[in-house]
Amino acid sequence: MENISINRDFSLIKKLAQKINSASNFSNWELFKLNYTSQKNSLIFDDTSLTALKHLPHMEFLPHQLSTAHTVIQQMNGRAILADEVGLGKTIEAGLILKELLVRQLVHKVLILVPASLVSQWVQELNEKFYIQTIPYRKHFDWEQSDIVITSLDTAKRSPHREKILQQSYDLIIVDEAHKLKNEQTINYQFVRKIKKTYCLLLTATPIQNSLKEIFNLVSILRPGLLGNYESFSKSFGTNRHELMNNEYLKQLIKKVMVRNTRKKTKMNPVERQIKTINLNFTKEEEQFYKKLQGMKAVFPNLLGTTLQREICSSREACYLTLQKYMKNIGS
């Protein structure tokens, strides 16, 4: 202890005394107010508050949706699997979490990966329900200049998009139908895991179907190391998917990163479906084509003949495109 030297620095006190004696401003008042407002918006004022709600007066959220958003932000640090049963509003929960993080200025650059058929739906819902302006992927897209982008996982994982995305640092990524990431050998899994991200939401109604390894892989994207490596994990818990419900310790570990609401817990009864048969009247040409398809069903592979018959009943264009694709595959 005798060899430790202590140096006292009084420079800050001297500068403070000079400011007080000269009665000059300590800093720019406008900059101080801007900084104060920014910090205030990012704070949580109590244990239950979601500051985004005052920006969404037109929305009526269900209790389990509010609870999920609160849990993900307060307890899971913005990294979570949203595993509600189908129809309980995983997209709404993800939108609310995104809005909350935007309001608090915790995220600016966001990548949302969804099935190609749902890109337009995501753009519309985020715009209309959450007042969040997003950009869907278009040809010759500039990944660096856009803040909130929605694209399909199939597009994002292909070159040259893959390389450009992996060069970015995202504040948040959202992956819809994240069960496509459950196999660590797939390009989907390896690509999403490599994306640099601060926060991450994985949406899937089926986080586990066949083996415990599936949930291990999803958790490893969110919180690498939480479940250890797979060798130690499999030794401790095996591979049987039922262990997730039977092993209390494993269940508590998974609850650190997963929220699953069920209809039974939320007391939401499924809407009774009213099924009505509508008779379809063909034109003469349509009837002839339908019968021709029926006669050729044995020629088409698997269920293609049935698919074509169904499509001609709803969309001639869809039937034409399916036939065109089939003929192209035969030619190649």
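A residue is termed buried when its relative accessible area is under 20%. The legends below describe close-up views of a predicted model.

**Figure 1. The salt bridge between E214 and K182.** By the definition above, both E214 and K182 are buried. Their side chains meet at 3.6 Å, taken from N to O. The pair links distant parts of the chain, 32 residues apart: E214 belongs to helix α9 (residues 212–222), whereas K182 lies in the loop between β5 (169–175) and α8 (187–194). A search of the whole structure finds 9 salt bridges, this pair being one of them.

**Figure 2. The salt bridge between R104 and E100.** The side chains of R104 and E100 come together with an N to O separation of 2.7 Å.

**Figure 3. The salt bridge between E231 and K235 in helix α10.** The N to O separation of the two side chains is 3.6 Å. Both residues lie in helix α10 (residues 230–237), where 4 residues, about one turn of the helix, separate them. An α-helix has 3.6 residues a turn, so residues three or four places apart point the same way. In contrast to the buried pair E214 and K182, E231 and K235 are both exposed.

**Figure 4. Aromatic residues around F216 and F233.** The structure holds 9 aromatic pairs. One of these is formed by F216 and F233, whose ring centres are 5.0 Å apart and whose planes make an angle of 40°, a tilted arrangement. Because F216 lies in helix α9 and F233 in helix α10, the pair ties together parts that are 17 residues apart in sequence. F216 counts as buried, with a relative accessibility of 7%, and F233 likewise counts as buried at 1%. Both rings belong to one aromatic cluster, which also includes Y230, F237 and Y249. K213 lies over the face of Y230, at 4.8 Å from the ring centre.

**Figure 5. Cysteine residues C200, C313 and C319.** A search of the whole structure finds 0 disulfides. For C313, the closest cysteine sulfur is that of C319, at 9.2 Å; a disulfide requires the sulfur atoms to be within 2.5 Å, so this separation is too far for a bond. C313 is partly exposed, with a relative accessible area of 35%. C200, by comparison, counts as buried at 0% relative accessibility.

**Figure 6. Helix α3 and the elements that cover its buried residues.** Helix α3 comprises 12 residues (residues 63–74). From the first C-alpha to the last, the helix reaches 16 Å, close to the 16 Å expected at 1.5 Å a residue. Its buried residues are H64, Q65, T68, A69, H70, T71, V72 and I73. The elements covering these buried residues include the strands β1 (79–82), β6 (196–203) and β7 (258–259), together with the helices α4 (90–103) and α13 (263–266).

Figure 7. With a relative accessibility of 7%, Q309 counts as buried. When residues up to four places away in sequence are not counted, Q309 touches Y290, L293, Q294 and K297.

Notes: Residues numbered from 1 in each chain as written. Predicted model: local features only at pLDDT ≥ 70, side-chain atom pairs only at ≥ 80, totals over all residues. Heavy atoms only, no water. Salt bridge = Lys/Arg side-chain N within 4 Å of Asp/Glu carboxyl O. Helix = DSSP H or I, 4+ residues; strand = E, 2+ residues; numbered from the N terminus. Buried < 20%, exposed > 50% of the residue type's maximum accessible area, 1.4 Å probe, protein only. Phe/Tyr/Trp six-rings, centres within 6.5 Å; stacked < 30°, edge-to-face > 60°. Lys NZ or Arg CZ within 6 Å of the ring centre and 35° of its normal. Expected span 1.5 Å × (residues − 1). Contact = heavy atoms within 4.5 Å.
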